[in-house]
Amino acid sequence: MGSITFTKTQGSIPVQLPGKDHVSGIMIYCDTLPAGFGTDKMKKVVSITEAETLGITSDAVTVQHKVLHYHISEVFRINPGCELYIGIFAVPEGTYDFAELKELQEFAGGDIRQAAVYCPEKSLAAAEVEALQTIATALEAQHMPLSILYAADVSSLASLVDLSSGGRCNVSVVIGEDVGDRVAALATALTQSITCVGTVLGAVSLAKVSESIAWVQKFPIGIDNPGFADGVTYESVSEGTKFGSGSLDEKRFIFLRRHTGIAGCYLNDSHNLDLITSDYNYIERVRTIDKAIRGIRANVLPYLSGPVKLDPDTGKLAPDYVAFLEVTANRALENMAKNDELSGYKVSIDPEQNVLSTSTVEFVVQKVPVGVSRSFAIKIGYTTKIQ
(Lines give C-alpha, C1' and ligand atoms only; values in the text may rest on other atoms or scores of the structure.)
Protein backbone atom coordinates (compact mmCIF):
# COMPACT_ATOMS: atom_id res chain seq x y z
CA MET A 1 0.00 0.00 0.00
CA GLY A 2 1.40 3.40 -0.97
CA SER A 3 1.83 6.12 1.64
CA ILE A 4 3.22 9.57 2.20
CA THR A 5 5.18 10.18 5.42
CA PHE A 6 6.38 13.38 7.03
CA THR A 7 9.22 13.91 9.47
CA LYS A 8 9.12 17.04 11.62
CA THR A 9 12.51 18.72 11.88
CA GLN A 10 13.86 21.22 14.39
CA GLY A 11 16.21 24.18 14.20
CA SER A 12 15.29 25.78 10.88
CA ILE A 13 13.59 28.78 12.50
CA PRO A 14 16.12 30.58 14.70
CA VAL A 15 14.89 31.90 18.05
CA GLN A 16 14.76 35.70 18.01
CA LEU A 17 15.68 37.35 21.32
CA PRO A 18 15.12 41.05 22.05
CA GLY A 19 18.04 43.42 22.49
CA LYS A 20 21.67 42.47 21.99
CA ASP A 21 22.76 41.06 25.35
CA HIS A 22 22.88 37.59 23.76
CA VAL A 23 25.16 38.56 20.85
CA SER A 24 28.38 36.60 21.31
CA GLY A 25 31.63 35.67 19.61
CA ILE A 26 33.98 32.71 19.56
CA MET A 27 37.45 32.58 18.05
CA ILE A 28 40.17 30.01 17.59
CA TYR A 29 43.50 29.83 15.83
CA CYS A 30 43.71 27.32 13.00
CA ASP A 31 45.57 27.48 9.67
CA THR A 32 42.77 25.64 7.86
CA LEU A 33 39.41 27.28 7.17
CA PRO A 34 36.19 25.26 6.83
CA ALA A 35 35.01 24.90 3.23
CA GLY A 36 32.01 27.18 3.71
CA PHE A 37 34.18 30.08 4.86
CA GLY A 38 35.88 30.43 1.48
CA THR A 39 38.61 32.99 2.11
CA ASP A 40 36.66 34.69 4.90
CA LYS A 41 37.97 34.42 8.45
CA MET A 42 34.71 35.44 10.13
CA LYS A 43 31.07 34.45 9.83
CA LYS A 44 27.85 34.99 11.76
CA VAL A 45 25.50 32.09 12.58
CA VAL A 46 22.27 31.82 14.53
CA SER A 47 22.11 28.02 14.86
CA ILE A 48 24.34 24.97 14.93
CA THR A 49 22.77 24.01 11.58
CA GLU A 50 24.17 27.15 9.97
CA ALA A 51 27.61 26.41 11.42
CA GLU A 52 27.46 22.90 9.97
CA THR A 53 26.49 24.29 6.58
CA LEU A 54 29.75 26.26 6.70
CA GLY A 55 31.72 23.04 7.20
CA ILE A 56 32.09 23.12 10.99
CA THR A 57 30.92 19.58 11.69
CA SER A 58 31.45 16.84 14.23
CA ASP A 59 33.11 14.64 11.60
CA ALA A 60 35.30 17.31 9.99
CA VAL A 61 38.73 16.28 8.74
CA THR A 62 40.47 18.99 10.75
CA VAL A 63 40.43 18.22 14.47
CA GLN A 64 40.18 21.89 15.44
CA HIS A 65 36.97 22.14 13.40
CA LYS A 66 35.53 19.17 15.30
CA VAL A 67 36.36 20.86 18.60
CA LEU A 68 34.92 24.16 17.38
CA HIS A 69 31.74 22.31 16.41
CA TYR A 70 31.52 20.96 19.95
CA HIS A 71 31.85 24.40 21.51
CA ILE A 72 29.35 25.99 19.11
CA SER A 73 26.87 23.16 19.68
CA GLU A 74 27.18 23.79 23.41
CA VAL A 75 26.49 27.51 22.97
CA PHE A 76 23.25 26.77 21.13
CA ARG A 77 22.30 23.91 23.47
CA ILE A 78 22.37 26.32 26.39
CA ASN A 79 20.97 29.32 24.48
CA PRO A 80 19.17 28.51 21.21
CA GLY A 81 18.56 32.25 20.72
CA CYS A 82 22.23 33.21 20.62
CA GLU A 83 23.65 35.19 17.71
CA LEU A 84 27.23 33.98 17.30
CA TYR A 85 30.11 35.51 15.40
CA ILE A 86 32.81 32.95 14.59
CA GLY A 87 36.42 33.89 13.93
CA ILE A 88 39.03 31.42 12.68
CA PHE A 89 42.47 32.96 12.37
CA ALA A 90 45.90 31.73 11.33
CA VAL A 91 48.11 30.57 14.19
CA PRO A 92 50.31 33.55 15.17
CA GLU A 93 54.04 33.36 14.87
CA GLY A 94 55.57 34.32 18.20
CA THR A 95 53.67 36.41 20.74
CA TYR A 96 49.89 36.30 20.91
CA ASP A 97 48.39 39.78 21.16
CA PHE A 98 44.81 38.69 20.32
CA ALA A 99 44.32 41.59 17.92
CA GLU A 100 42.06 39.19 16.03
CA LEU A 101 39.43 39.56 18.76
CA LYS A 102 39.28 43.28 18.03
CA GLU A 103 38.91 42.39 14.35
CA LEU A 104 35.99 40.08 15.19
CA GLN A 105 34.26 42.75 17.29
CA GLU A 106 34.67 45.32 14.52
CA PHE A 107 33.28 42.78 12.01
CA ALA A 108 30.23 42.50 14.29
CA GLY A 109 29.82 46.27 14.31
CA GLY A 110 30.62 46.33 18.04
CA ASP A 111 27.58 44.20 18.87
CA ILE A 112 29.42 41.36 20.64
CA ARG A 113 28.77 41.48 24.38
CA GLN A 114 30.75 38.37 25.38
CA ALA A 115 33.32 36.30 23.52
CA ALA A 116 35.09 33.00 24.04
CA VAL A 117 38.75 32.80 23.05
CA TYR A 118 39.74 29.15 22.73
CA CYS A 119 43.51 28.82 22.59
CA PRO A 120 44.58 25.25 23.51
CA GLU A 121 47.91 25.51 21.72
CA LYS A 122 49.04 27.82 24.53
CA SER A 123 49.53 26.79 28.15
CA LEU A 124 47.54 28.93 30.55
CA ALA A 125 49.76 31.86 31.51
CA ALA A 126 49.55 35.47 32.69
CA ALA A 127 50.95 36.98 29.48
CA GLU A 128 47.96 35.96 27.35
CA VAL A 129 45.47 37.02 30.04
CA GLU A 130 47.10 40.45 30.19
CA ALA A 131 47.05 40.72 26.39
CA LEU A 132 43.32 39.96 26.35
CA GLN A 133 42.62 42.65 28.94
CA THR A 134 44.59 45.09 26.80
CA ILE A 135 42.30 44.29 23.86
CA ALA A 136 39.21 44.67 26.05
CA THR A 137 40.42 48.04 27.30
CA ALA A 138 41.07 49.22 23.74
CA LEU A 139 37.59 48.10 22.65
CA GLU A 140 36.00 49.88 25.59
CA ALA A 141 37.72 53.08 24.51
CA GLN A 142 36.07 52.58 21.10
CA HIS A 143 32.65 52.14 22.80
CA MET A 144 32.57 48.40 22.03
CA PRO A 145 33.02 46.77 25.48
CA LEU A 146 32.79 43.03 25.97
CA SER A 147 33.53 40.27 28.48
CA ILE A 148 36.07 37.62 27.49
CA LEU A 149 36.07 33.93 28.42
CA TYR A 150 39.54 32.50 27.92
CA ALA A 151 40.43 28.82 27.66
CA ALA A 152 43.95 27.47 27.16
CA ASP A 153 45.76 24.18 27.70
CA VAL A 154 45.94 22.87 31.27
CA SER A 155 48.36 20.00 31.74
CA SER A 156 47.45 19.55 35.41
CA LEU A 157 45.62 21.44 38.12
CA ALA A 158 48.85 21.56 40.11
CA SER A 159 50.47 23.54 37.28
CA LEU A 160 47.92 26.36 37.43
CA VAL A 161 49.23 29.72 38.56
CA ASP A 162 47.15 32.29 40.41
CA LEU A 163 46.08 34.92 37.87
CA SER A 164 43.73 36.86 40.16
CA SER A 165 46.05 39.77 40.89
CA GLY A 166 43.43 42.27 39.77
CA GLY A 167 42.91 44.81 37.03
CA ARG A 168 41.52 42.28 34.53
CA CYS A 169 37.81 42.68 35.03
CA ASN A 170 37.00 41.85 31.40
CA VAL A 171 38.73 38.46 31.39
CA SER A 172 37.56 35.19 32.93
CA VAL A 173 39.46 31.89 32.73
CA VAL A 174 37.55 28.64 32.18
CA ILE A 175 39.22 25.44 33.42
CA GLY A 176 36.19 23.14 33.55
CA GLU A 177 35.67 20.30 31.09
CA ASP A 178 33.16 17.57 30.33
CA VAL A 179 35.17 14.38 30.86
CA GLY A 180 32.62 12.10 29.20
CA ASP A 181 33.45 9.92 26.22
CA ARG A 182 32.67 12.46 23.48
CA VAL A 183 34.94 15.19 24.83
CA ALA A 184 37.58 12.69 25.94
CA ALA A 185 37.84 11.51 22.34
CA LEU A 186 38.31 15.09 21.16
CA ALA A 187 40.96 15.70 23.82
CA THR A 188 42.83 12.58 22.71
CA ALA A 189 42.69 13.62 19.06
CA LEU A 190 43.79 17.20 19.80
CA THR A 191 46.23 16.21 22.60
CA GLN A 192 45.24 19.44 24.33
CA SER A 193 42.53 20.67 26.70
CA ILE A 194 39.01 21.02 25.32
CA THR A 195 37.43 22.85 28.30
CA CYS A 196 33.77 23.86 28.57
CA VAL A 197 34.25 27.41 27.31
CA GLY A 198 31.42 27.05 24.78
CA THR A 199 29.07 25.91 27.53
CA VAL A 200 30.00 28.89 29.70
CA LEU A 201 29.58 31.25 26.74
CA GLY A 202 26.08 29.89 26.20
CA ALA A 203 25.23 30.51 29.86
CA VAL A 204 26.56 34.08 29.83
CA SER A 205 24.65 34.85 26.63
CA LEU A 206 21.45 33.46 28.17
CA ALA A 207 21.77 35.34 31.46
CA LYS A 208 20.42 38.79 32.08
CA VAL A 209 23.37 41.13 32.53
CA SER A 210 22.65 41.22 36.27
CA GLU A 211 22.50 37.45 36.74
CA SER A 212 25.25 35.14 37.94
CA ILE A 213 25.78 32.11 35.71
CA ALA A 214 26.18 30.09 38.92
CA TRP A 215 22.49 30.59 39.79
CA VAL A 216 21.40 27.02 40.58
CA GLN A 217 17.74 27.40 39.70
CA LYS A 218 18.24 29.00 36.29
CA PHE A 219 21.54 27.58 35.05
CA PRO A 220 21.76 23.79 35.36
CA ILE A 221 24.49 23.07 32.83
CA GLY A 222 23.39 19.60 31.73
CA ILE A 223 26.78 17.87 31.75
CA ASP A 224 26.78 14.35 33.18
CA ASN A 225 30.53 13.99 33.71
CA PRO A 226 31.96 17.25 35.08
CA GLY A 227 35.68 17.55 35.42
CA PHE A 228 38.64 19.76 34.71
CA ALA A 229 40.66 20.73 31.66
CA ASP A 230 43.41 18.23 32.51
CA GLY A 231 40.89 15.39 32.13
CA VAL A 232 40.36 14.56 35.82
CA THR A 233 36.84 14.17 37.20
CA TYR A 234 35.23 16.62 39.58
CA GLU A 235 34.84 13.94 42.25
CA SER A 236 38.51 12.93 42.16
CA VAL A 237 39.68 16.42 43.19
CA SER A 238 39.62 17.22 46.91
CA GLU A 239 37.20 19.79 48.29
CA GLY A 240 40.14 21.80 49.60
CA THR A 241 41.59 22.06 46.12
CA LYS A 242 38.27 23.18 44.67
CA PHE A 243 36.97 25.49 47.40
CA GLY A 244 38.31 27.39 50.40
CA SER A 245 41.60 29.08 51.14
CA GLY A 246 44.08 28.91 48.26
CA SER A 247 41.62 26.91 46.15
CA LEU A 248 40.78 27.03 42.46
CA ASP A 249 37.62 28.95 43.33
CA GLU A 250 39.52 31.48 45.42
CA LYS A 251 41.94 31.93 42.53
CA ARG A 252 38.85 32.93 40.55
CA PHE A 253 38.80 30.22 37.89
CA ILE A 254 35.48 29.10 36.41
CA PHE A 255 34.75 25.37 36.45
CA LEU A 256 31.95 22.80 36.65
CA ARG A 257 30.69 21.65 40.02
CA ARG A 258 28.03 19.61 41.80
CA HIS A 259 25.85 20.56 44.79
CA THR A 260 24.99 17.97 47.42
CA GLY A 261 21.24 17.43 47.64
CA ILE A 262 20.34 18.40 44.09
CA ALA A 263 21.01 16.53 40.87
CA GLY A 264 22.86 18.02 37.96
CA CYS A 265 25.93 20.05 37.15
CA TYR A 266 26.46 23.77 37.66
CA LEU A 267 29.12 26.47 37.42
CA ASN A 268 31.09 27.37 40.53
CA ASP A 269 30.79 31.16 40.06
CA SER A 270 30.93 34.04 37.61
CA HIS A 271 34.48 35.09 38.43
CA ASN A 272 36.67 37.39 36.43
CA LEU A 273 40.30 38.23 37.17
CA ASP A 274 39.72 41.43 39.08
CA LEU A 275 40.33 41.70 42.83
CA ILE A 276 37.55 40.37 45.04
CA THR A 277 37.34 43.87 46.58
CA SER A 278 36.70 45.56 43.22
CA ASP A 279 33.29 46.92 42.23
CA TYR A 280 33.72 44.97 38.98
CA ASN A 281 34.73 41.60 40.42
CA TYR A 282 32.17 39.39 38.64
CA ILE A 283 31.00 39.00 35.06
CA GLU A 284 27.52 40.33 35.86
CA ARG A 285 28.94 43.50 37.42
CA VAL A 286 30.89 44.23 34.23
CA ARG A 287 28.04 43.34 31.88
CA THR A 288 25.60 45.52 33.85
CA ILE A 289 27.73 48.65 33.76
CA ASP A 290 28.67 48.03 30.12
CA LYS A 291 24.99 47.84 29.21
CA ALA A 292 24.24 51.02 31.14
CA ILE A 293 27.08 52.87 29.41
CA ARG A 294 26.02 51.65 25.97
CA GLY A 295 22.42 52.65 26.64
CA ILE A 296 23.16 56.10 28.03
CA ARG A 297 25.58 56.83 25.20
CA ALA A 298 23.06 55.76 22.55
CA ASN A 299 20.41 58.05 24.03
CA VAL A 300 22.65 61.08 24.56
CA LEU A 301 24.78 60.79 21.39
CA PRO A 302 22.30 62.53 19.03
CA TYR A 303 22.65 65.72 21.09
CA LEU A 304 26.45 65.81 21.03
CA SER A 305 27.72 69.14 19.61
CA GLY A 306 24.16 70.45 19.68
CA PRO A 307 22.99 73.76 21.10
CA VAL A 308 22.90 74.19 24.87
CA LYS A 309 20.11 76.37 26.23
CA LEU A 310 21.21 78.72 29.00
CA ASP A 311 19.39 80.74 31.63
CA PRO A 312 19.70 84.36 30.38
CA ASP A 313 19.88 85.74 33.93
CA THR A 314 22.73 83.49 35.15
CA GLY A 315 24.49 82.15 32.06
CA LYS A 316 24.18 78.67 33.54
CA LEU A 317 22.23 75.69 32.21
CA ALA A 318 18.54 76.33 31.73
CA PRO A 319 16.34 74.19 34.01
CA ASP A 320 14.31 72.74 31.15
CA TYR A 321 17.50 71.73 29.31
CA VAL A 322 18.87 70.04 32.45
CA ALA A 323 15.60 68.17 32.91
CA PHE A 324 15.61 67.08 29.26
CA LEU A 325 19.14 65.66 29.43
CA GLU A 326 18.46 63.90 32.73
CA VAL A 327 15.33 62.24 31.36
CA THR A 328 17.18 61.27 28.17
CA ALA A 329 20.05 59.63 30.05
CA ASN A 330 17.71 58.05 32.58
CA ARG A 331 15.72 56.27 29.88
CA ALA A 332 18.26 53.45 29.42
CA LEU A 333 18.53 52.90 33.17
CA GLU A 334 14.76 52.92 33.56
CA ASN A 335 14.49 50.07 31.07
CA MET A 336 17.19 48.12 32.90
CA ALA A 337 15.39 48.59 36.21
CA LYS A 338 12.12 47.37 34.67
CA ASN A 339 14.01 44.27 33.51
CA ASP A 340 15.38 43.67 37.04
CA GLU A 341 18.91 44.46 35.92
CA LEU A 342 19.26 47.37 38.35
CA SER A 343 17.87 47.93 41.83
CA GLY A 344 17.86 51.71 41.45
CA TYR A 345 19.38 54.58 39.50
CA LYS A 346 19.67 58.35 39.25
CA VAL A 347 21.15 60.73 36.69
CA SER A 348 21.81 64.28 37.81
CA ILE A 349 23.31 67.37 36.16
CA ASP A 350 24.52 70.38 38.11
CA PRO A 351 22.89 73.45 36.51
CA GLU A 352 25.69 75.67 37.85
CA GLN A 353 28.18 74.34 35.30
CA ASN A 354 29.87 76.93 33.15
CA VAL A 355 29.32 75.30 29.77
CA LEU A 356 30.26 78.44 27.88
CA SER A 357 33.82 78.13 29.20
CA THR A 358 34.25 74.35 29.03
CA SER A 359 31.83 73.23 26.27
CA THR A 360 31.29 70.18 28.46
CA VAL A 361 28.13 69.07 30.25
CA GLU A 362 28.94 66.82 33.19
CA PHE A 363 26.53 64.07 34.21
CA VAL A 364 26.61 62.12 37.49
CA VAL A 365 25.15 58.63 37.16
CA GLN A 366 24.40 56.54 40.24
CA LYS A 367 23.35 52.90 39.95
CA VAL A 368 22.37 50.40 42.63
CA PRO A 369 23.16 46.92 41.27
CA VAL A 370 21.17 43.74 41.73
CA GLY A 371 22.86 41.58 44.36
CA VAL A 372 23.77 37.91 44.10
CA SER A 373 23.25 35.47 47.00
CA ARG A 374 26.56 33.64 46.82
CA SER A 375 25.97 32.07 50.23
CA PHE A 376 23.23 31.69 52.82
CA ALA A 377 23.96 31.74 56.58
CA ILE A 378 21.12 29.96 58.38
CA LYS A 379 20.92 29.58 62.16
CA ILE A 380 18.96 26.57 63.35
CA GLY A 381 18.39 24.94 66.73
CA TYR A 382 15.83 23.80 69.32
CA THR A 383 13.86 26.09 71.60
CA THR A 384 11.16 25.73 74.25
CA LYS A 385 9.05 28.46 72.69
CA ILE A 386 8.69 30.11 69.28
CA GLN A 387 9.42 33.81 69.71
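Strand β1 (residues 23-29) has seven of its seven residues buried, so the strand is largely enclosed by the rest of the structure; buried here means under 20% relative accessible area with a 1.4 Å probe, protein chains only. The burial holds for both faces: V23, G25, M27 and Y29 point to one side, and S24, I26 and I28 to the other. Strands are DSSP E runs of at least two residues and helices are H or I runs of at least four, numbered from the N terminus. This is a predicted model, with local features needing pLDDT of at least 70 and side-chain atom pairs pLDDT 80 or more, while totals for chains, interfaces and linings use all residues. Residues are numbered from 1 along each chain as its sequence is written, and side-chain values use heavy atoms, leaving out hydrogens and water.

As for neighbours, β1 runs parallel to β3, joined by seven bridges, with Y29 partnered by F89. β1 also pairs with β4 in the parallel sense, over five bridges, and there S24 sits opposite Q114. Two strands count as paired if DSSP finds at least two bridges between them. The whole open sheet has seven strands in the order β2-β3-β1-β4-β5-β6-β9, with mixed pairing.

R287 is buried but has no salt bridge, the nearest side chain of opposite charge being D21 at 5.4 Å; a salt bridge needs a Lys or Arg side-chain nitrogen within 4 Å of an Asp or Glu carboxyl oxygen.

Terms used: Buried < 20%, exposed > 50% of the residue type's maximum accessible area, 1.4 Å probe, protein only. Lys, Arg positive; Asp, Glu negative; His and termini not counted.
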